[in-house]
Amino acid sequence: MNLFMIIWIAGHIGGVIGPLPYDSVECRSRAAEVMETLNPNIVTSDGYSAKDIKFKCEYHRKRPKIA
């Protein structure tokens, strides 16, 4: 199983980073750092804001597909 950082946008996979060379603790730390840097006032052209975006670290056998 490989570790990936999954970018969830409004409940759908919007991006995948990995497989990652570090462990899940490091991945969660980096995901938290990214979440802290997101500007909560930015809204995408599709109407999504920072509150609709989540970065999660997950193990998968294959690279998750972007929905």
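Analyst: Two strands pair if DSSP finds at least two bridges between them. Helices (H or I, at least four residues) and strands (E, at least two) are themselves DSSP runs, numbered from the N terminus. The model shown is predicted: local features need pLDDT of at least 70, side-chain atom pairs count only at pLDDT 80 or more, and totals for chains, interfaces and linings use all residues. Residues are numbered from 1 along each chain as its sequence is written, and side-chain values use heavy atoms, with hydrogens and water left out.

User: In what order do the three strands form the open sheet?

Analyst: Strands of a sheet pair through backbone hydrogen bonds, either parallel or antiparallel. Here the order is β2-β1-β3, with antiparallel pairing. Strands β2 and β3 (53-60) are the edge strands, each pairing on one side only.

User: How many bridges join β1 and β2?

Analyst: Strand β1 (residues 2-9) pairs with β2 over five bridges, in the antiparallel sense. Ile9 has His12 in β2 as its bridge partner.

User: Is Ile17 buried, partly exposed or exposed?

Analyst: Buried means under 20% relative accessible area, exposed over 50%, and partly exposed in between (1.4 Å probe, protein chains only). Ile17 has a relative accessible area of 39%, so this residue is partly exposed. Ile17 belongs to strand β2 (residues 12-17).

User: Which residues does Ile17 contact, leaving aside neighbours within four places in sequence?

Analyst: Contact means heavy atoms within 4.5 Å. With those neighbours left aside, Ile17 touches Phe4, Met5, Ile7 and Arg63. Ile7 and Ile17 are 10 residues apart along the chain, and their C-alpha atoms are separated by 8.0 Å.
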